[in-house]
Amino acid sequence: MSLGSNLDLLTVTFYGTAIALILIGLYAALVKRSLIKILIGLSIVDSGINLLLVSIGYLKGGTAPIFSPAVIDKNPAMVDPVPQALVLTAIVIGFAVTAVALALVIRLYRHHKTVNIDEIKNLKW
Amino acid sequence: MVGSPVQLIAIPLFAAFLIPLLGKAWKELVRITPGVVILYLLYLSVDLLNYTIEHGRVVEVIAGWTPPWGIDLVFSPFSGFLATLMLFMGLLVWIYSYRYQTFEDYDDYEPTLKYYLLLMMMITASVGVVLTGDIFNLFVFIEILGITAYGLTAYYRHRDGAEASFKYLFIGSLSSTFLLLAIMIIYSQLGTLNMADIAVKAHELKPVYKITALVLFLVAFGIEAEMFPLNGWAPDAYSQAPAPVGAAFAGIVVKAGLYTVIRLIYTLFEVGGTYEYLIVMGLITMFFAEFAAFSQTKLKRMLAYSSIGQMGLVLVAFGIGKEEGVYAALFLMFNHAIIKSLLFMSGSYLVYKSKNKYISELNGVGKMMPVTSFLFALGAFAIVGFPPFAGFWSKLAVLTAAADSGMLLIIALILSISLIEVIYYLRVVNRIYFVKRDTDLGITKPTPQAMFSMLVLGAIILIVGFYPDVITGVLHKASATLLDKGSYINDVLSLSQTIN
């Protein structure tokens with residue numbers, strides 16, 4: 001389960017994609033000046049982290065984590081269910097935060113008639 | 001013991017979503033329900049606190065899954081003290097905001113409904129943060145806390161609430177990203193999410209993972225705890241949110257943030273140098289925040305920066321460590337909750353009619369609003385630590401703790417930074433009482449409810465000031481509990497043996 005062991009192609013792809021997504025998202029969130037693009041960036045970071053979490057629990061050739069004698073006799077290796085539960089929760093939370101943020105963007109747009117962060121400067125940034 | 005800790009989370013969560021339905025039956029229920037629920041929870045929490053002080057901590061297992069597999073709630077004198085403090089502040093904020101005028105300015109009752117719903121969720125989440133014994137559950141509660149705080153910050157349409165809220169949300173989202181990464185590192189390396197279990201296994205972590213996780217955790221929690229340089233959201237959120245929300249931020253939300261930092265450093269990890277790190281970060285936070293507060297022209301921003309400065313002092317006290325340091329830190333947290341809430345509550349009535357809330361608009365307001373001004377002055381004297389008010393004892397406790405550890409340089413730094421605090425608070429009090437009024441702004445009398453909750457806070461400041469013994473017993477017990485990591489681990493993990 002540790003990050004370093006059994007580095008086959010699939011694992012590398014999983015981790016590589018996840019880290020790439022996080023970096024792309026962070027770039028968008030920190031560099032872009034449009035509020036919408038910043039939010040898209042934050043969502044991409046979320047996706048990357050979720051992918052990373054699921055990959056940790058992944059086991060090559062593992063079955064779905066359901067405890068029943070028939071399944072366990074056939075193939076005792078199961079993927080770890082905990083990260084999947086965590087990711088489900090994290091997805092829901094990410095969705096809620098994005099929804100709140102979009103509502104705020106709508107409010108800001110009505111107030112300032114722009115979504116450019118450089119032009120919304122009533123408070124010090 | 002009348003109830004279990006899980007009720008402290010389940011009841012307000014249920015009540016929060018019941019509020020809209022009750023409002024359909026009778027609109028006044030929207031305002032009444034939160035108060036009744038919080039009052040009951042406070043009773044429950046005080047009762048549990050008394051029980052735990054005598055019999056040791058209560059560990060509640062959720063849904064029959066014992067730790068380290070399931071989620072557990074830990075009600076110890078330490079977490080229970082914070083939960084009780086939060087509920088008490090929640091009750092006062094509710095009293096203060098009951099029929100708060102600007103809420104009633106809106107014609108429909110929809111905004112009022114949302115306010116109470118979000119306030120209930122905020123209290124639920126804060127209590128959840130301090131009670132939970134599972135790091136992923138902690139993440140969920142922090143996110144609930146965040147979302148409600150963003151919502152409440154953007155409450156006023158006519159202010160720049162949405163801007164402050166977006167800023168807060170952006171920083172908060174980054175914080176949750178870091179938190180999730182840290183949780184992931186812990187889970188991938190140790191295969192557990194339970195705090196006690198992590199504390200047992202922490203030494204198995206490779207140093208590189210340990211340091212990475214620690215840094216990610218500190219960044220994530222530091223944002224909520226207003227630690228420098230992650231506190232950019234605070235002044236805007238405090239100044240744009242409605243007054244009772246500012247008080248709730250100071251009394252409830254920041255306490256939850258601080259708790260996470262403390263739990264992380266005192267229970268989860270033992271890494272050399274973290275205590276020194278707390279002291280250094282605390283001093284830097286204090287230094288920048290107090291200078292920033294000194295140069296503010298707007299009242300609420302000044303109070304917000306002062307709040308950050310106080311959090312810095314709390315971090316220093318926790319960094320001193322040992323029982324004395326922790327005791328001083330908890331005392332400071334208690335004092336900050338009551339005093340800063342009083343300052344926000346009375347201060348916002350002093351500048352109620354003003355649009356920009358400039359400090360200069362306070363000139364001569366003392367003659368027009370004698371009671372509110374007196375309460376503000378009382379709060380100002382208490383927070384800078386003049387005897388015989390509550391703040392004096394906590395500052396004295398910090399200095400004694402530092403002196404006993406031989407940290408003379410820190411004493412000198414704390415005292416000199418506090419001097420700035422004294423100057424800018426006295427400057428405001430001076431304007432209130434001794435400068436002639438030069439604006440034609442009218443005044444708004446506080447509602448009787450608001451006056452009541454301010455008077456309660458003022459009374460507590462005086463009572464704790466004259467008889468600090470009413471609170472010190474609980475504080476000593478709480479700090480002893482926090483430091484006794486072994487019994488925490490034992491109490492939580494022994495459950496799996498006794499029940500199975």
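Reply: Chain B has 500 residues, and 60% of them count as buried. Keep in mind that this is a predicted model.

Start with the fold as a whole. Chain B holds 22 helices and two strands. Its radius of gyration is 22 Å, close to the 23 Å that the globule rule gives for 500 residues, so chain B is as compact as a globular protein of that length. The C-alpha trace spans about 70 × 60 × 40 Å along its principal axes. Take the contacts in chain B with a separation of 6 or more: 80% of them are between residues 24 or more positions apart.

Now to the helix packing. Helix α14 of chain B covers residues 322-350. One of its partners is helix α20 of chain B, residues 469-483. The axes of α14(B) and α20(B) lie 9 Å apart, at an angle of about 125 degrees.

Which residues of α14(B) meet α20(B)? They are B:Glu323, B:Val326, B:Tyr327, B:Leu330, B:Phe331 and B:Phe334. Facing them in α20(B) are B:Ile471, B:Leu475, B:His476, B:Ala478, B:Ser479, B:Ala480, B:Leu482 and B:Leu483. By class, this contact has 11 nonpolar residues, two polar and one charged.

Helix α14(B) also packs on helix α19 of chain B, residues 448-466. Here the angle is about 145 degrees and the axes are 10 Å apart. The crossing of α14(B) and α19(B) is left-handed. On the α14(B) side, the contact uses B:Ile338, B:Ile339, B:Ser341, B:Leu342, B:Met345, B:Ser346 and B:Tyr349. On the α19(B) side, it uses B:Ala450, B:Ser453, B:Met454, B:Leu457, B:Gly458, B:Ile460 and B:Ile461. The classes here are 10 nonpolar, four polar and no charged residues.

Next, the partner chain. In chain B, 25 residues are in contact with 25 residues of chain A. Helices α6 (135-153) and α7 (161-190) of chain B each supply at least two residues of the side that touches chain A. Helix α7(B) gives the most to that side, with 15 residues. The side of chain B that touches chain A divides into 14 nonpolar, seven polar and four charged residues.

Most residues other than glycine have a negative phi, and most peptide bonds are trans. A cis peptide bond joins B:Pro387 and B:Pro388, with omega about 0 degrees. B:Pro388 sits in the loop between α16 (370-384) and α17 (390-404) of chain B. B:Glu226 is another spot to check: its phi is positive, near 60 degrees, though the residue is not a glycine. B:Glu226 lies in the loop between α9 (207-224) and α10 (233-240) of chain B. Is B:Glu226 buried or exposed? B:Glu226 is buried, because 31 other C-beta atoms lie within 10 Å, and the cut-off for buried is 20 or more.

A:Lys113 is not a glycine, yet has a positive phi of about 60 degrees. A:Lys113 is in the segment after α4 (81-112) of chain A. With 8 C-beta neighbours inside 10 Å, A:Lys113 counts as exposed.

B:Phe75 belongs to strand β2, residues 72-75. B:Phe75 counts as buried, with 25 C-beta neighbours inside 10 Å. Leaving out residues up to four places away in sequence, B:Phe75 touches B:Pro5, B:Leu48, B:Thr52, B:Arg57, B:Val58, B:Gly80 and B:Leu131. B:Arg57 is 18 residues from B:Phe75 along the chain, and their C-alpha atoms are separated by 5.7 Å.

B:Val46 is in helix α2 of chain B, residues 28-55. With 15 C-beta neighbours inside 10 Å, B:Val46 counts as partly exposed. B:Val46 and B:Met369 are 323 residues apart in sequence, and 35 Å apart in space, C-alpha to C-alpha.

Notes. Residues are numbered from 1 along each chain as its sequence is written. Chains are lettered from A and ligands numbered from 1 in the order in which they are written. This is a predicted model: local features need pLDDT of at least 70, side-chain atom pairs count only at pLDDT 80 or more; totals for chains, interfaces and linings use all residues. Axes are lines fitted to C-alpha atoms, for helices over the stretch in contact, and angles run from 0 to 180 degrees between N-to-C directions. Helices (H or I, at least four residues) and strands (E, at least two) are DSSP runs, numbered from the N terminus. Two residues are in contact if their C-beta atoms, placed from the backbone, lie within 7 Å. Ala, Val, Leu, Ile, Met, Phe, Trp, Tyr, Cys and Pro count as nonpolar, Asp, Glu, Lys and Arg as charged, and the others, Gly among them, as polar. A crossing is left-handed if the near helix is turned anticlockwise from the far one by less than a right angle, and right-handed if clockwise. The radius of gyration is taken over C-alpha atoms; the globule rule is 2.2 Å times the number of residues to the power 0.38. A residue is buried if 20 or more other C-beta atoms lie within 10 Å of its own, exposed if 12 or fewer, and partly exposed in between; C-beta atoms are placed from the backbone.
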